[in-house]
Amino acid sequence: MEKMLKVSKNLFFTFIAIILFVAIAVFIYHNYQKGKESSLISEGISVDFNNKKINVYTEGSGKDTFVFMSGSGIAAPVYELKGLYSKFTKENKIAVIERAGYGNSDVFHDDRDIDTILEQSRKSLMGSGNKPPYILVPHSVSGIEAIYWAQKYPSEVKGIIALDIGLPHQYVTHKMGLVDSLTVRGVNILTKMGLHRLVPSATYNPEVIRQSFLTDYEKEMYKALSYKQFFNDDMEQEILQSYNNGKKSVNLPVPKETPILFLDAIADENKNSTYTKQKNQDYEEFAEKLLKGDVIKLKGTHSIYLYEPDEIYDLAMEFIK
């Protein structure tokens with residue numbers, strides 16, 4: 001029996017040693033690759049915030065400026081959203097805000113309070129030569145910021161093209177539980193160790209690589225930025241603060257005078273789910289409170305900008321007119 005315990009103990013410590021060795025090896029490899037990838041050329045204009053920078057990419061010209069705001073965890077917005085915003089640049093000016101922790105922007109390590117995020121967005125746009133009013137094009141969690149923007153500074157928001165956004169009250173109603181918050185923190189820790197490099201399909205969207213709107217070089221930049229920024233401290237806090245940020249918006253009046261087009265992405269496998277039906281009902285109820293609001297269902301997954309860029313462009317142009 002004593003011999004069996006000794007063998008078991010040796011096996012246990014050997015197993016722990018192997019895990020530590022692999023973790024250290026992955027960490028060293030991750031940081032080595034980050035060093036190599038840091039030489040990639042950035043795109044956009046950097047706006048300074050006390051020695052930290054936020055990157056804004058601008059393209060095109062026209063009377064209206066469409067501001068693209070990525071969803072949570074989209075580590076390289078300028079590249080992931082290109083298939084959509086390139087449709088708009090033919091007749092309009094576009095700006096892609098890479099929030100703190102995203103794309104070529106720095107990680108700010110702040111609390112990601114919605115007022116902080118919004119003021120950074122406003123200053124970044126002005127600092128990069130993009131003056132209001134704007135037509136905001138938010139996706140997912142950016143819906144909180146877009147609606148809050150219209151509530152606090154209605155004269156700056158000409159309209160909102162909402163790409164399957166999360167409404168502020170949804171984040172309040174469905175407050176993140178303990179297990180979810182621990183999962184978010186756990187993924188952030190694993191990312192700091194570089195373990196996400198072992199799971200590329202979870203680090204960046206394979207559909208972006210499969211499609212042809214990026215050049216081969218841009219695809220490599222997209223991968224590099226995704227490995228660098230994936231689920232960093234700012235992204236972690238952004239999710240953890242979603243309840244408090246949503247609550248700030250809920251406590252303000254609905255921006256009735258801001259036209260909002262809700263584009264509701266519905267995947268075939270989820271079209272009859274309770275979640276899908278509730279989401280559509282939430283959009284309809286919000287749109288009814290506006291002087292001009294509409295809800296249109298689009299067939300596709302949450303990353304609808306990758307699957308229906310032409311239809312989104314046509315719907316946006318028709319709505320804004």
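Are Arg-99 and Glu-238 buried or exposed? Both are buried, and here buried means under 20% relative accessible area, exposed over 50%, and partly exposed in between, with a 1.4 Å probe and protein chains only.

Quick housekeeping. This is a predicted model, where local features need pLDDT of at least 70 and side-chain atom pairs count only at pLDDT 80 or more, while totals for chains, interfaces and linings use all residues. Residues are numbered from 1 along each chain as its sequence is written, and side-chain values use heavy atoms, leaving out hydrogens and water.

OK, salt bridges. By that I mean a side-chain nitrogen of Lys or Arg within 4 Å of a carboxyl oxygen of Asp or Glu. The count comes to 16.

Back to our opening pair: Arg-99 bridges to Glu-238, with the closest N and O atoms 2.8 Å apart. The two are 139 residues apart, Arg-99 in the loop between strand S4 and helix H4, Glu-238 in helix H11. Helices (H or I, at least four residues) and strands (E, at least two) are DSSP runs, numbered from the N terminus.

Next, Lys-279 and Asp-264, whose closest N and O atoms are 2.3 Å apart. Lys-279 sits in helix H13 and Asp-264 in strand S7. Lys-279 is buried at 4% relative accessible area, and Asp-264 is buried at 0%.

Then there's Lys-158 with Asp-64, at 2.8 Å between the closest N and O atoms. That one links strand S6 to the loop between strands S2 and S3, 94 residues apart. Lys-158 is partly exposed at 34%, whereas Asp-64 is buried at 13%.

Last one: Asp-113, Asp-115, Lys-152 and Lys-248 join up in a salt-bridge network.
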